[in-house]
Amino acid sequence: MFPSTAERSRARKVPQRPGDRIFAGASTAAGVLILIVLAGVAAFLLVEAWPSLTAPAQDIPGGEGVAVYVWPLLFGTLLSAMFALLLAAPLAVAIALFVTYYAPRRISQALGYLIDLLAAVPSIIYGLWGFTQLAPLTVEPTTWLSENLGFIPFFAGPPSATGRTMLVAILVLAVMILPIITAVVREAFRQTPRLHEEASLALGATRWEMIKMAALPFGRSSIIGASMLGLGRALGETMAVAIVLSVSGGVTFNLIGTGNPSTIAANIALQFPESTGIAVNTLIASGLVLFALTLVVNMAARAVIERRKEFSGAN
């Protein structure tokens, strides 16, 4: 039977131990502190960006207003981050499945350690690797792509002779977010209920059918969350993109040409040291756009996860 109202009232009146009250208070304070910091960052960006938002268009760098200044940067940010996610997310899920279900235990542990170590490599190291090693290696392949697949806007060319293209920036970003997504998804697959896996195998399912019926449904929300986490890393990446990309401005889908749009974070890092006055406010305005973009991405991810939760194997 369900407890009566009086019993529930008495249960609620049971005094908590001091440790429980301290822990509850500390947890609540931490949650409130996060909201305060987030609100403070948003207020700072808005206050500092306001002069550029209200200034005449001719005073903004480029002389065409804040929207025209920020749009190519926003386009480059979304282009590089989305393509990096499209490359990294499927590969990360495949690696997580291999490490969890196919690799022998020793190989699985070694690969897990290597993946975790990749996440600890500084972004400037990835940038130097992309600039000195990866960019020269892409010159011949991009020439072939331009000659044979030039009818596709992404490979329209003419190809860059240095290899410092949006394609290389995308590849570097994909490598950077790969270990983040893989680590989260790998842990999600390891939490798949053992009974679900054994029941699928007992019914005659192959290993792949078991993964498709048990592991993937259980880890769907974690895959989405990990992908959004990697997307947030790609959206805000600064040094690697600034080192790799040869920026010429403009909006183009051409991934292998010499004309490349910059990203918001890389543009701020490159332009801020030499900027003064309204130019600084304009850079902060672009930072406000990036802040809003990452906030929207995370809110969308939470909404998708909540909608998928009732269909996942976690319940």
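## Reading the annotations

UniProt positions are given here in the numbering of this chain, feature names are shortened, and annotations may be inferred rather than shown by experiment. With that in mind, an unreviewed UniProt entry lists "domain: ABC transmembrane type-1" at residues 74–301. That span is 75% helix and 0% strand, and its end C-alpha atoms lie 20 Å apart.

The model is predicted, so local features need pLDDT of at least 70 and side-chain atom pairs count only at pLDDT 80 or more, while totals for chains, interfaces and linings use all residues. Residues are numbered from 1 along each chain as its sequence is written, and side-chain values use heavy atoms, with hydrogens and water left out.

## The overall picture

Let's start with the whole chain. It has 12 helices and zero strands, where helices (H or I, at least four residues) and strands (E, at least two) are DSSP runs numbered from the N terminus. The C-alpha trace spans about 75 × 50 × 30 Å along its principal axes.

Of the 315 residues in the chain, 39% are buried. Buried means under 20% relative accessible area, exposed means over 50%, and partly exposed is in between (1.4 Å probe, protein chains only). The chain exposes about 17,700 Å², and carbon and sulfur atoms supply 68% of this area; accessible areas come from the Shrake-Rupley method with a 1.4 Å probe, and for residues only the protein chains shown count as cover. Among contacts in the chain with a separation of 6 or more, 80% join residues 24 or more positions apart; a contact means heavy atoms within 4.5 Å.

## Transmembrane regions in the record

The feature "transmembrane region" is placed by UniProt (unreviewed entry) at residues 21–46, 66–99, 111–131, 166–185, 238–258 and 278–301. Two of these spans are worth a look. Residues 111–131 are 86% helix and 0% strand, with the end C-alpha atoms 26 Å apart. Residues 238–258 are 29% helix and 0% strand, and here the end C-alpha atoms are 20 Å apart.

## The nonpolar core

A nonpolar core is a set of buried Ala, Val, Leu, Ile, Met, Phe, Trp, Tyr and Cys residues joined through side-chain atoms within 4.5 Å. The largest one here has 68 residues, of which Val172, Ile181 and Phe189 touch the most other members. Helices α2 (18–54), α3, α5 (123–137), α7, α9 (207–236), α10, α11 and α12 (278–309) each supply at least two residues of this core. The most comes from α3, with 17 residues.

Leaving out residues up to four places away in sequence, valine 172 touches Tyr126, Trp129, Gly130, Leu134, Ala240 and Val244.

## Aromatic pairs

A pair of aromatic rings is described by the distance of the centres and the angle of the planes. Rings of Phe, Tyr and Trp (its six-membered ring) pair if their centres lie within 6.5 Å; planes under 30 degrees apart count as stacked, over 60 as edge-to-face and the rest as tilted. The structure holds five aromatic pairs. In one of them, phenylalanine 75 and phenylalanine 253 sit edge-to-face, 5.1 Å centre to centre with 85° between the planes. Phenylalanine 75 belongs to helix α3 (residues 66–102) and phenylalanine 253 to the loop between α10 (239–244) and α11 (264–271), so this pair ties together parts that are 178 residues apart in sequence. Phenylalanine 75 is buried, at 9% relative accessible area, whereas phenylalanine 253 is partly exposed at 44%.

Phenylalanine 83 and phenylalanine 154 also form an edge-to-face pair, with centres 5.1 Å apart and planes at 80°. Phenylalanine 83 lies in helix α3 and phenylalanine 154 in the loop between α6 (139–148) and α7 (166–190), so parts 71 residues apart in sequence are tied together. Phenylalanine 83 is partly exposed at 24%, and phenylalanine 154 is partly exposed at 27%. Trp71, Phe75, Phe83, Phe154 and Phe253 form one aromatic cluster.

Serine 80 lies in helix α3 and is buried at 1% relative accessibility. Its side chain reaches the backbone oxygen of threonine 77 at 3.1 Å. Not counting residues up to four places away in sequence, serine 80 touches Met166, Ile170, Leu173 and Thr263.

Threonine 165 lies in the loop between α6 and α7 and is buried at 2% relative accessibility. Beyond residues up to four places away in sequence, threonine 165 touches Ser160, Val244, Leu245, Leu255, Ile256, Gly257 and Asn260.

Terms used:
Polar contact = N/O pair within 3.5 Å; in protein donor to acceptor, adjacent residues only side chain to side chain.
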